[in-house]
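Visitor: Please walk me through this model. Keep it brisk.

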Amino acid sequence: MDLVQQNLTSWNNSLMASIPVGGLLSRNPVAYKWKAPFRSWLLREGAFWRITDLLTQSYALHQQGHGLGARILLRSSFETLATLIYLNHNIRQVLDDKLNFHLFSQETVALALGSRDGSTDHVAVNVLKMLDRGDKRYPGLRSLYDGLSESAHPNYEGMVSGYSRLDRDEFEVHFSNRWMQLHGKQHLNSMDLCMTSFHAEYNVVWTELMEKLESWIVANNDQLEATKSDTFQG
(Lines give C-alpha, C1' and ligand atoms only; values in the text may rest on other atoms or scores of the structure.)
Protein backbone atom coordinates (compact mmCIF):
# COMPACT_ATOMS: atom_id res chain seq x y z
CA MET A 1 0.00 0.00 0.00
CA ASP A 2 1.54 3.33 -1.09
CA LEU A 3 1.40 6.53 0.95
CA VAL A 4 -1.47 8.06 -1.03
CA GLN A 5 -3.63 4.99 -0.49
CA GLN A 6 -2.75 4.93 3.21
CA ASN A 7 -3.75 8.56 3.58
CA LEU A 8 -6.99 8.06 1.67
CA THR A 9 -7.90 5.17 3.95
CA SER A 10 -7.23 7.38 6.97
CA TRP A 11 -9.26 10.23 5.48
CA ASN A 12 -12.25 8.00 4.75
CA ASN A 13 -12.18 6.78 8.35
CA SER A 14 -12.01 10.36 9.67
CA LEU A 15 -15.01 11.91 7.90
CA MET A 16 -17.36 13.74 10.26
CA ALA A 17 -20.82 12.13 10.36
CA SER A 18 -22.69 15.20 11.64
CA ILE A 19 -22.36 18.70 13.03
CA PRO A 20 -24.40 18.97 16.26
CA VAL A 21 -25.70 22.55 16.40
CA GLY A 22 -26.37 22.15 20.10
CA GLY A 23 -22.74 21.21 20.60
CA LEU A 24 -21.58 24.36 18.81
CA LEU A 25 -23.86 26.51 20.97
CA SER A 26 -22.45 24.83 24.07
CA ARG A 27 -18.95 25.45 22.75
CA ASN A 28 -19.57 29.20 22.38
CA PRO A 29 -23.17 30.49 22.65
CA VAL A 30 -22.25 34.04 21.63
CA ALA A 31 -20.25 33.10 18.53
CA TYR A 32 -22.75 30.54 17.25
CA LYS A 33 -25.80 32.72 17.51
CA TRP A 34 -24.31 34.10 14.26
CA LYS A 35 -24.67 31.91 11.18
CA ALA A 36 -21.29 32.54 9.55
CA PRO A 37 -19.28 30.37 11.99
CA PHE A 38 -21.70 27.48 11.51
CA ARG A 39 -21.48 27.81 7.74
CA SER A 40 -17.70 27.78 8.10
CA TRP A 41 -17.97 24.40 9.82
CA LEU A 42 -20.34 23.21 7.09
CA LEU A 43 -17.95 24.31 4.35
CA ARG A 44 -14.94 22.76 6.03
CA GLU A 45 -16.55 19.36 6.47
CA GLY A 46 -18.28 19.46 3.09
CA ALA A 47 -14.91 20.16 1.46
CA PHE A 48 -13.36 17.23 3.33
CA TRP A 49 -16.11 14.85 2.18
CA ARG A 50 -15.87 16.07 -1.41
CA ILE A 51 -12.09 15.99 -1.76
CA THR A 52 -11.91 12.54 -0.13
CA ASP A 53 -14.50 11.22 -2.57
CA LEU A 54 -12.82 12.82 -5.59
CA LEU A 55 -9.32 11.67 -4.71
CA THR A 56 -10.46 8.15 -3.85
CA GLN A 57 -12.00 7.85 -7.30
CA SER A 58 -9.02 9.51 -8.97
CA TYR A 59 -6.69 7.02 -7.30
CA ALA A 60 -8.87 4.07 -8.35
CA LEU A 61 -8.95 5.21 -11.98
CA HIS A 62 -5.20 5.75 -11.99
CA GLN A 63 -4.62 2.23 -10.65
CA GLN A 64 -6.84 0.87 -13.43
CA GLY A 65 -4.92 2.80 -16.10
CA HIS A 66 -7.66 5.36 -16.80
CA GLY A 67 -5.40 8.39 -16.87
CA LEU A 68 -7.77 11.02 -18.28
CA GLY A 69 -10.55 10.40 -15.78
CA ALA A 70 -8.02 10.37 -12.96
CA ARG A 71 -6.74 13.80 -14.02
CA ILE A 72 -10.21 15.31 -14.38
CA LEU A 73 -11.10 14.21 -10.85
CA LEU A 74 -7.80 15.55 -9.55
CA ARG A 75 -8.61 18.89 -11.20
CA SER A 76 -11.87 19.02 -9.22
CA SER A 77 -9.92 18.15 -6.09
CA PHE A 78 -7.73 21.22 -6.50
CA GLU A 79 -10.87 23.33 -6.92
CA THR A 80 -12.11 21.96 -3.61
CA LEU A 81 -8.77 22.72 -1.96
CA ALA A 82 -9.02 26.29 -3.30
CA THR A 83 -12.45 26.67 -1.72
CA LEU A 84 -11.09 25.89 1.74
CA ILE A 85 -8.08 28.17 1.20
CA TYR A 86 -10.46 30.96 0.18
CA LEU A 87 -12.63 30.43 3.26
CA ASN A 88 -9.59 30.51 5.53
CA HIS A 89 -8.32 33.65 3.82
CA ASN A 90 -11.62 35.42 4.44
CA ILE A 91 -11.62 34.44 8.12
CA ARG A 92 -8.10 35.85 8.38
CA GLN A 93 -9.27 39.06 6.72
CA VAL A 94 -12.01 39.47 9.34
CA LEU A 95 -9.52 38.98 12.16
CA ASP A 96 -7.20 41.57 10.60
CA ASP A 97 -10.10 44.07 10.23
CA LYS A 98 -9.77 43.98 6.45
CA LEU A 99 -13.18 42.40 5.80
CA ASN A 100 -16.47 43.42 7.37
CA PHE A 101 -17.90 40.49 9.33
CA HIS A 102 -21.35 40.89 7.77
CA LEU A 103 -19.81 40.84 4.29
CA PHE A 104 -17.87 37.74 5.33
CA SER A 105 -21.17 36.17 6.33
CA GLN A 106 -22.50 36.84 2.84
CA GLU A 107 -19.38 35.22 1.39
CA THR A 108 -20.10 32.06 3.39
CA VAL A 109 -23.63 32.09 1.97
CA ALA A 110 -22.26 32.26 -1.58
CA LEU A 111 -19.77 29.46 -0.86
CA ALA A 112 -22.32 27.18 0.78
CA LEU A 113 -25.45 27.94 -1.24
CA GLY A 114 -24.19 29.41 -4.50
CA SER A 115 -24.98 27.99 -7.93
CA ARG A 116 -24.33 28.81 -11.58
CA ASP A 117 -27.51 27.35 -13.04
CA GLY A 118 -30.01 29.30 -10.98
CA SER A 119 -30.97 26.30 -8.87
CA THR A 120 -30.39 28.38 -5.72
CA ASP A 121 -31.00 32.03 -4.91
CA HIS A 122 -27.28 32.81 -4.59
CA VAL A 123 -24.49 33.11 -7.16
CA ALA A 124 -21.51 30.84 -6.60
CA VAL A 125 -18.06 32.31 -6.08
CA ASN A 126 -15.97 32.10 -9.24
CA VAL A 127 -13.65 29.12 -8.92
CA LEU A 128 -10.79 30.87 -10.74
CA LYS A 129 -10.96 33.67 -8.17
CA MET A 130 -10.51 31.08 -5.43
CA LEU A 131 -7.70 29.36 -7.32
CA ASP A 132 -5.86 32.66 -7.75
CA ARG A 133 -6.14 33.23 -4.01
CA GLY A 134 -4.85 29.70 -3.43
CA ASP A 135 -1.90 30.37 -5.73
CA LYS A 136 -0.85 33.30 -3.55
CA ARG A 137 -0.66 30.94 -0.58
CA TYR A 138 0.76 27.97 -2.49
CA PRO A 139 2.68 29.30 -5.51
CA GLY A 140 2.31 26.98 -8.48
CA LEU A 141 -1.18 25.78 -7.59
CA ARG A 142 -2.81 27.69 -10.45
CA SER A 143 -0.22 26.45 -12.95
CA LEU A 144 -0.84 22.86 -11.88
CA TYR A 145 -4.59 23.38 -12.15
CA ASP A 146 -4.26 24.93 -15.61
CA GLY A 147 -2.29 21.88 -16.75
CA LEU A 148 -5.05 19.58 -15.53
CA SER A 149 -7.59 21.78 -17.31
CA GLU A 150 -5.75 21.30 -20.59
CA SER A 151 -6.38 17.58 -20.21
CA ALA A 152 -10.04 18.12 -19.32
CA HIS A 153 -10.83 20.23 -22.39
CA PRO A 154 -11.05 18.98 -26.00
CA ASN A 155 -8.20 21.14 -27.24
CA TYR A 156 -4.69 20.10 -28.35
CA GLU A 157 -3.70 18.12 -25.27
CA GLY A 158 -7.18 16.93 -24.44
CA MET A 159 -7.78 15.43 -27.84
CA VAL A 160 -4.86 15.42 -30.30
CA SER A 161 -1.93 14.86 -27.94
CA GLY A 162 -3.87 12.56 -25.64
CA TYR A 163 -4.89 10.18 -28.44
CA SER A 164 -2.47 10.48 -31.33
CA ARG A 165 1.20 10.52 -32.23
CA LEU A 166 2.70 11.87 -35.44
CA ASP A 167 5.28 9.72 -37.18
CA ARG A 168 7.21 12.31 -39.16
CA ASP A 169 9.35 9.74 -40.94
CA GLU A 170 6.39 7.74 -42.28
CA PHE A 171 4.01 10.72 -42.59
CA GLU A 172 1.41 8.89 -40.54
CA VAL A 173 -0.69 9.62 -37.48
CA HIS A 174 -1.02 6.73 -35.05
CA PHE A 175 -3.92 6.67 -32.57
CA SER A 176 -3.84 5.24 -29.05
CA ASN A 177 -4.80 6.16 -25.50
CA ARG A 178 -1.65 7.96 -24.29
CA TRP A 179 -2.76 9.41 -20.94
CA MET A 180 -0.85 7.08 -18.66
CA GLN A 181 2.22 7.43 -20.84
CA LEU A 182 2.01 11.22 -20.70
CA HIS A 183 1.05 11.76 -17.06
CA GLY A 184 0.90 8.47 -15.20
CA LYS A 185 4.22 8.80 -13.37
CA GLN A 186 3.43 12.28 -12.03
CA HIS A 187 -0.16 11.64 -10.98
CA LEU A 188 0.45 10.28 -7.50
CA ASN A 189 2.88 13.10 -6.74
CA SER A 190 0.23 15.63 -7.71
CA MET A 191 -2.32 13.83 -5.56
CA ASP A 192 0.07 13.89 -2.62
CA LEU A 193 0.63 17.64 -3.07
CA CYS A 194 -3.12 18.25 -3.09
CA MET A 195 -3.62 16.13 0.03
CA THR A 196 -0.71 17.69 1.93
CA SER A 197 -2.01 21.20 1.25
CA PHE A 198 -5.57 20.30 2.19
CA HIS A 199 -4.42 18.60 5.38
CA ALA A 200 -2.62 21.79 6.45
CA GLU A 201 -5.60 24.03 5.66
CA TYR A 202 -8.11 21.67 7.29
CA ASN A 203 -6.28 20.52 10.42
CA VAL A 204 -4.00 23.43 11.26
CA VAL A 205 -5.03 26.68 9.57
CA TRP A 206 -8.82 26.40 9.86
CA THR A 207 -8.68 25.12 13.44
CA GLU A 208 -6.51 27.99 14.64
CA LEU A 209 -8.51 30.59 12.71
CA MET A 210 -11.87 29.33 13.97
CA GLU A 211 -10.77 29.52 17.59
CA LYS A 212 -9.61 33.09 17.00
CA LEU A 213 -12.81 33.98 15.13
CA GLU A 214 -14.95 32.70 18.01
CA SER A 215 -13.03 34.88 20.45
CA TRP A 216 -13.17 37.83 18.05
CA ILE A 217 -16.96 37.57 17.76
CA VAL A 218 -17.36 37.51 21.53
CA ALA A 219 -15.14 40.58 21.88
CA ASN A 220 -16.99 42.45 19.11
CA ASN A 221 -20.51 41.15 19.65
CA ASP A 222 -22.01 44.51 20.69
CA GLN A 223 -20.64 46.22 17.59
CA LEU A 224 -21.87 43.38 15.38
CA GLU A 225 -25.36 43.68 16.86
CA ALA A 226 -25.34 47.43 16.30
CA THR A 227 -24.24 47.18 12.66
CA LYS A 228 -26.35 44.28 11.44
CA SER A 229 -29.14 45.16 9.05
CA ASP A 230 -31.73 43.58 6.78
CA THR A 231 -29.00 43.41 4.12
CA PHE A 232 -26.34 41.83 6.31
CA GLN A 233 -27.81 39.07 8.39
CA GLY A 234 -25.14 37.19 10.38
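Guide: Helix 2 (21-27) and helix 3 each give at least two residues to the nonpolar patch. Helices (H or I, at least four residues) and strands (E, at least two) are DSSP runs, numbered from the N terminus. This is a predicted model: local features need pLDDT of at least 70, side-chain atom pairs count only at pLDDT 80 or more, and totals for chains, interfaces and linings use all residues. Residues are numbered from 1 along each chain as its sequence is written, and side-chain values use heavy atoms, with hydrogens and water left out.

Visitor: Is Val 21 buried, partly exposed or exposed?

Guide: Val 21 sits in helix 2. Buried means under 20% relative accessible area, exposed over 50%, partly exposed in between (1.4 Å probe, protein chains only). Val 21 has a relative accessible area of 46%, so it is partly exposed.

Visitor: What is the bridge partner of Leu 166 in strand 4?

Guide: Two strands pair if DSSP finds at least two bridges between them. Strand 3 (residues 164-167) and strand 4 (residues 172-175) run antiparallel, joined by 4 bridges. In strand 4, Leu 166 is partnered by Val 173.
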